[in-house]
Amino acid sequence: MGTYVVTGSASGIGAATADRLHAAGHGVIGVDRAGADVEADLGSPGGRFEAVARIGELVGSGAVDGFAAFAGIGPAGGRPGSSLVAVNYFGAVDLLVGLRPLLARSAAASAVLVSSNSTTTQPGWPMELAETCLRGDEHDACDLADSYGEYGSVLAYPATKAALAYFVRTHAAEYIADGIRLNAIAPGMIDTPMTRDVDPDIAAAMKAFLELVPARRAGRPEEIAALTDFLLGPDSRYVVGSVIFADGGLDAQQRPLDWPRPASPPDQG
């Protein structure tokens with residue numbers, strides 16, 4: 001049995017994942033703003049530092065065998081884009097980086113970051129924001145996200161989720177050298193408090209979005225938890241650097257021939 005850290009463990013997909021791991025006999029350290037083993041605000045650098053320190057205390061001389069970063073917030077009218085940058089991207093990546101030494105102690109560690117199918121099905125999001133996040137410049141990324149105005153969170157959401165997918169793709173080889181498998185899940189619309197508690201304008205857009213899903217329904221938290229369990233466990237040991245869509249078929253429907261594509265020829269100089 002392993003020891004797993006799950007952020008966003010108090011509700012939604014994080015809670016479903018923590019429950020599934022518990023049921024399998026694993027030790028789970030839940031992280032959330034309230035109602036968790038480690039209560040911390042992952043939207044602030046200080047909160048992330050405190051979370052990593054507290055997890056280290058709980059683990060002691062042991063190891064963290066898996067990490068799943070489900071803490072996140074969605075778009076909302078009037079919500080600053082910087083809050084999504086802070087929680088969704090840096091709240092996941094900074095915790096992963098902080099826990100890396102504990103993961104490296106495990107004989108077979110795995111980490112799962114959470115992207116989104118909005119990265120490929122929502123047009124017009126700013127690549128510059130994703131790139132700024134990926135550079136690790138939280139101050140500049142927050143300023144850029146806030147410059148998009150009142151509905152900046154609508155643009156920041158897919159941008160931060162794309163940045164998480166890019167982090168996985170660009171760092172997977174480095175992490176596996178330390179024995180840590182790094183992958184991402186890209187869920188579609190999942191029936192959670194985050195997708196239910198939205199303002200009317202966004203709710204209407206989400207309803208229209210849902211009508212496009214080939215599976216004709218929203219996903220369930222337990223379905224994403226099952227995929228996370230697989231990626232954290234021994235049956236997926238050769239899965240490294242992948243971004244796996246779990247969205248009822250929408251990404252495939254919207255861009256059926258975008259992937260795979262042949263590699264570019266080598267530069268001949």
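Analyst: Helices (H or I, at least four residues) and strands (E, at least two) are DSSP runs, numbered from the N terminus. This is a predicted model, where local features need pLDDT of at least 70 and side-chain atom pairs count only at pLDDT 80 or more, while totals for chains, interfaces and linings use all residues. Residues are numbered from 1 along each chain as its sequence is written, and side-chain values use heavy atoms, leaving out hydrogens and water.

User: What is the phi of Arg-216? And is Arg-216 buried or exposed?

Analyst: Most residues other than glycine have a negative phi, and most peptide bonds are trans. Arg-216 has a positive phi of about 65 degrees, though it is not a glycine. Buried means under 20% relative accessible area, exposed over 50%, and partly exposed in between (1.4 Å probe, protein chains only). At 77%, Arg-216 is exposed.

User: Which residues does a cis peptide bond join?

Analyst: Trp-259 and Pro-260, with omega at about 5 degrees. Pro-260 belongs to the segment after helix H11 (250-254).

User: How do I read the sheet, and what is its strand order?

Analyst: Strands of a sheet pair through backbone hydrogen bonds, either parallel or antiparallel. Two strands pair if DSSP finds at least two bridges between them. Here an open sheet of 7 strands runs S3-S2-S1-S4-S5-S6-S7, with parallel pairing. Strand S3 (38-39) and strand S7 (243-246) are the edges, each pairing on one side only.

User: Which strands does S1 pair with?

Analyst: S1 is joined to strand S2 (residues 27-32) by 5 bridges, with Thr-7 opposite Val-31. S1 also pairs with strand S4 (residues 66-69) over 4 bridges, where Tyr-4 has Gly-66 as its partner. Strand S1 (residues 3-7) has 4 of its 5 residues buried, so it is largely enclosed by the rest of the structure.

User: Which residues does Leu-232 contact beyond its sequence neighbours?

Analyst: Contact means heavy atoms within 4.5 Å. Leaving aside neighbours within four places in sequence, Leu-232 touches Tyr-4, Leu-21, Gly-66, Phe-67, Ser-110, Val-112 and Arg-181. Leu-232 is found in helix H10 and is buried, with a relative accessible area of 4%. Phe-67, one of those contacts, has Ala-111 in S5 as its bridge partner.
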